[in-house]
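Please look through the structure below together with its sequence.

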Amino acid sequence: MAKETIAVNREKFDQVILPVYAPAQFVPVKGKGSRVWDQQGKEYVDFSGGIAVTALGHCHPALVDTLKTQGETLWHTSNVFTNEPTLRLASKLTDATFAERVFFANSGAEANEAAFKLARYYASVRHSPYKTKIIAFHHGFHGRTLFTVSVGGQPKYSDGFGPKPADIVHVPFNDLGAVKAVIDDHTCAVVLEPIQGEGGITPATPEFMQGLRDLCDQHQALLVMDEVQSGMGRSGKLFAYEHYGVTPDILTTAKALGGGFPVSAMLTTNEIASAMSPGTHGTTYGGNPLACAIAETALDTINTPEVLQGVEIRRQWFTEELEKINRHFSLFSEIRGKGLLIGAELKPQYQPKARDLLHAAAAEGVMILTAGSGVIRFAPSLVITEQDIREGMARLSVAVGKVFG
Ligand SMILES: *Cc1c(COP(=O)(O)O)cnc(C)c1O
């Protein structure tokens with residue numbers, strides 16, 4: 001069938017897509033900066049950022065330029081050959097972080113899969129084949145492969161898929177005593193998000209983070225930070241671990257890394273990387289020149305004082321407006337997060353209506369997200385204008401009035 005004769009609308013989704021999502025009723029067709037347009041030409045302010053992905057907004061000119069230039073130069077070589085963009089991006093990521101080695105993949109889950117495999121492999125090569133325990137946290141989220149969903153702390157995402165990878169222990173987040181009770185010399189890794197994203201926008205406390213570092217050192221376990229959502233400037237620093245003065249052994253990043261183009265990375269040290277050798281892990285697409293060229297431009301643009309320092313003032317504009325809504329409707333019990341990863345927790349009696357608010361917001365022309373149970377999440381572009389924030393919040397305020405007024 002010719003492309004133009006297929007009716008593509010929201011009803012089509014229910015006929016042709018695996019029913020694992022329940023997308024909004026409108027279909028976006030175009031984006032520019034922090035504005036998006038649907039099939040009917042209706043315009044929206046985007047506070048969702050494609051779930052913390054489009055950190056430079058939609059169709060940022062520098063990213064479009066790189067997409068076009070590299071798209072006419074070289075797309076893919078496989079890992080049988082290296083390429084210039086992959087080497088440039090890896091060099092810039094290691095220069096900007098604690099890390100010395102990079103593994104590229106295509107999604108957050110794959111970067112985490114690599115991280116967990118590396119932690120297990122390193123422990124078995126350097127210490128003992130019995131050093132396999134992974135400690136992770138309730139409400140943690142690390143992706144949807146079977147290993148990552150098993151390390152994630154939400155059994156509803158891993159139940160029903162058959163036997164799970166073994167020796168993974170979950171304890172409450174920000175509870176150092178609970179970690180102390182289960183960590184031992186058979187532990188190969190402690191895995192956390194510095195700011196829990198999907199679980200409800202909960203930052204680790206400084207004492208918790210430092211305590212985990214100390215416990216890992218004591219038991220020769222690796223501290224693995226999943227910065228798939230919190231990384232690439234979202235927190236106001238390039239990576240959220242910089243807020244804590246605690247260095248991870250392995251860090252993963254994805255979402256905003258390609259500004260909307262699928263690419264992810266796992267970062268680590270020379271010492272840990274040296275456990276691996278050609279053939280122990282890999283992926284066909286990972287580190288392809290097109291993805292890496294785009295991510296290099298995203299990194300060059302985000303890792304500047306101008307963008308990183310702009311995050312805090314934008315957070316203030318958001319919280320000002322949220323507090324204004326709260327003075328009117330007394331809706332939120334807490335506004336939390338770091339930088340432009342903002343969670344506004346609905347009071348318990350309002351939490352069942354979180355999804356209604358999402359739909360009402362879309363009807364008023366603003367795209368928002370939820371997280372955890374009853375948390376309204378904002379993960380907008382890091383360069384969103386003040387005008388877009390004020391306008392989107394005015395629309396949200398109308399939606400709040402319709403649902404809770
Ligand atoms: C989104 C997310 C993932 C999974 O990334 P995918 O690209 O969907 O595989 C993993 N960890 C965290 C913290 C995330 O927010």
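**Loops, strands and helix packing**

Met232 lies in the loop between strand 10 (222-226) and strand 11. The model is a predicted one, and the questions begin with this residue.

Q: Is Met232 buried or exposed?
A: Met232 belongs to the loop that joins strand 10 (222-226) to strand 11. Residues count as buried under 20% relative accessible area. Because Met232 has a relative accessibility of 1%, this residue counts as buried.

Q: Near what value is the phi of Met232?
A: Most residues other than glycine have a negative phi. Met232 is a residue other than glycine with a positive value, and its phi is near 60°.

Q: Near what value is the phi of Ser330?
A: Ser330 sits in the loop between helix 11 and strand 13 (332-338), and with a relative accessible area of 35% this residue is partly exposed. Ser330 is a residue other than glycine whose phi is positive, with a value near 45°.

Q: Which residue carries the UniProt annotation "modified residue: N6-(pyridoxal phosphate)lysine"?
A: The residue in question is placed in the loop between strand 11 (250-253) and strand 12 (264-268). Leaving aside neighbours within four places in sequence, its contacts are Ile51, Ala52, Val53, Glu198, Val228, Gln229 and Gly260. According to the UniProt record, an unreviewed entry, the annotation covers Lys255.

Q: Which residues does Ser48 contact, leaving aside its neighbours within four places in sequence?
A: Ser48 is located in the loop between strand 3 (43-46) and helix 2 (49-52), and with a relative accessible area of 8% this residue is buried. Once neighbours within four places in sequence are left aside, the contacts of Ser48 are Met367, Ile368, Leu369 and Ala379.

Q: What is the relative accessibility of Thr187?
A: Thr187 is part of strand 7 (residues 187-192). Leaving aside neighbours within four places in sequence, Thr187 has contacts with Lys131, Lys133, Ile135, Val182, His219, Gln220 and Ala221. Thr187 counts as buried because its relative accessibility is 0%.

Q: How far apart in space are Val171 and His139, C-alpha to C-alpha?
A: Val171 is found in strand 6 (residues 168-171) and is buried, with a relative accessible area of 5%. Not counting residues up to four places away in sequence, Val171 touches Ile135, Ala136, Phe137, His138, Ala178, Val179 and Val182. Val171 and His139 are 32 residues apart in sequence, and their C-alpha to C-alpha distance in space is 9.6 Å.

Q: Are helix 3 and helix 10 roughly parallel or roughly antiparallel to each other?
A: Two packed helices are described by the angle between their axes and the distance between the axes. Helix 3 (residues 61-71) and helix 10 (residues 289-302) pack with their axes 9 Å apart, at an angle of about 155°. Angles over 145 degrees count as roughly antiparallel. Helix 3 and helix 10 are therefore roughly antiparallel.

Q: How many charged residues are there in the contact of helix 3 with helix 10?
A: Helix 3 passes helix 10 in a right-handed crossing. Helix 3 contributes Ala62, Leu63, Thr66, Leu67, Gln70 and Gly71 to the contact, while helix 10 contributes Pro289, Leu290, Ala293, Ile294, Thr297 and Ala298. By class, the contact has eight nonpolar and four polar residues, and the number of charged residues is none.

Q: What is the handedness of the crossing of helix 12 and helix 13?
A: The axes of helix 12 (residues 354-364) and helix 13 (residues 386-404) come within 8 Å and cross at roughly 130°. That angle is why helix 12 is oblique to helix 13. The crossing of helix 12 and helix 13 is right-handed.

Key: Residues numbered from 1 in each chain as written. Predicted model: local features only at pLDDT ≥ 70, side-chain atom pairs only at ≥ 80, totals over all residues. Heavy atoms only, no water. Axes fitted to C-alpha atoms, helices over the stretch in contact; angles between N-to-C directions. Helix = DSSP H or I, 4+ residues; strand = E, 2+ residues; numbered from the N terminus. Parallel < 35°, antiparallel > 145°, perpendicular 65-115°, else oblique. Left-handed = near helix turned anticlockwise from the far one by under 90°. Buried < 20%, exposed > 50% of the residue type's maximum accessible area, 1.4 Å probe, protein only. Contact = heavy atoms within 4.5 Å. UniProt positions renumbered as here; feature names shortened; annotations may be inferred. Nonpolar A, V, L, I, M, F, W, Y, C, P; charged D, E, K, R; others polar.
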